[in-house]
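Have a look at the structure, try each task, and then follow the solution step by step.

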Amino acid sequence: MRGLGSIDSLSSVLEGLARRLGLESKLLESRLRRDWISIVGEPIASNTWPDQVRYNKLYLLVRNSVWLHQLTFLKPTLIQKLNQAAGGEFVTEITLRVGEIPARTAASATTPPLDGGVTLSEIELAEVSAHVSAIQDPGLRLRFTEVISRYPQAPTPPGWGPSRVP
């Protein structure tokens, strides 16, 4: 019978599964894309994009040849920052190439995109922000904000005040 100390955490089980299935590089790519600005800083992040990670080599898209030249001198620093963010020695080399940088979404994680003619008052916007503020992942927080914004609260039926529960 196994003791309580031998129970594996969910994160260690998932890490082991990702390693066995060969998904570590895909998970690292996803993490780099999600946290790119906080890892490398705004000036570099606005002119670069982590394209893919293969065999511990990061393929980095760069806006133009000027940035490519500048980043050649910053490779050791970038590798150090990337490995620190990844929590291990996952990137040993960086290959730079000039390419199209994907546009970042202009909407912030707290301001919902108001598509489909939905307009929110400041009170409703503050309520939506309060509901999604505990979500750590910026992309997930944005998606939840979009969903909540599309479905404003239904009007309260007559006689159903805050004190009455159905």
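**Exercise 1.** Find the salt bridge that Glu29 forms, and work out how its two partners sit in their helix.

*Solution.* Keep in mind that this is a predicted model.
Step 1: Look for the partner of Glu29, which is Arg33; the closest N and O atoms lie 3.8 Å apart.
Step 2: Check this against the cut-off: a salt bridge needs the nitrogen within 4 Å of the carboxyl oxygen, and the pair's distance is 3.8 Å.

**Exercise 2.** Which parts of the chain does the salt bridge between Asp51 and Arg97 link?

*Solution.* 
Step 1: Start with the distance: the closest N and O atoms of Asp51 and Arg97 are 2.3 Å apart.
Step 2: Locate both ends: Asp51 is in strand 1 (residues 48-54) and Arg97 is in strand 3 (residues 93-98).
Step 3: The two are 46 residues apart, and the pair links distant parts of the chain.
Step 4: For accessibility, Asp51 has a relative accessible area of 22% and is partly exposed; Arg97, at 34%, is partly exposed.

**Exercise 3.** Describe how helix 2 and helix 4 pack, and which classes of residue make up their contact.

*Solution.* 
Step 1: Find helix 2 (residues 24-40) and helix 4 (residues 65-86); they pack at an angle of about 120 degrees, with axes 10 Å apart.
Step 2: Note the handedness: helix 2 passes helix 4 in a right-handed crossing.
Step 3: List who meets whom: from helix 2 come Leu28, Arg31, Leu32, Trp36, Ile39 and Val40, and from helix 4 come Leu78, Lys81, Leu82, Ala85 and Ala86.
Step 4: Sort the residues of this contact by class: nine are nonpolar, none are polar and two are charged.

Methods
Residues are numbered from 1 along each chain as its sequence is written. This is a predicted model: local features need pLDDT of at least 70, side-chain atom pairs count only at pLDDT 80 or more; totals for chains, interfaces and linings use all residues. Side-chain values use heavy atoms; hydrogens and water are left out. Axes are lines fitted to C-alpha atoms, for helices over the stretch in contact, and angles run from 0 to 180 degrees between N-to-C directions. Helices (H or I, at least four residues) and strands (E, at least two) are DSSP runs, numbered from the N terminus. A crossing is left-handed if the near helix is turned anticlockwise from the far one by less than a right angle, and right-handed if clockwise. Contact means heavy atoms within 4.5 Å. Ala, Val, Leu, Ile, Met, Phe, Trp, Tyr, Cys and Pro count as nonpolar, Asp, Glu, Lys and Arg as charged, and the others, Gly among them, as polar. A salt bridge is a side-chain nitrogen of Lys or Arg within 4 Å of a carboxyl oxygen of Asp or Glu. Buried means under 20% relative accessible area, exposed over 50%, partly exposed in between (1.4 Å probe, protein chains only).
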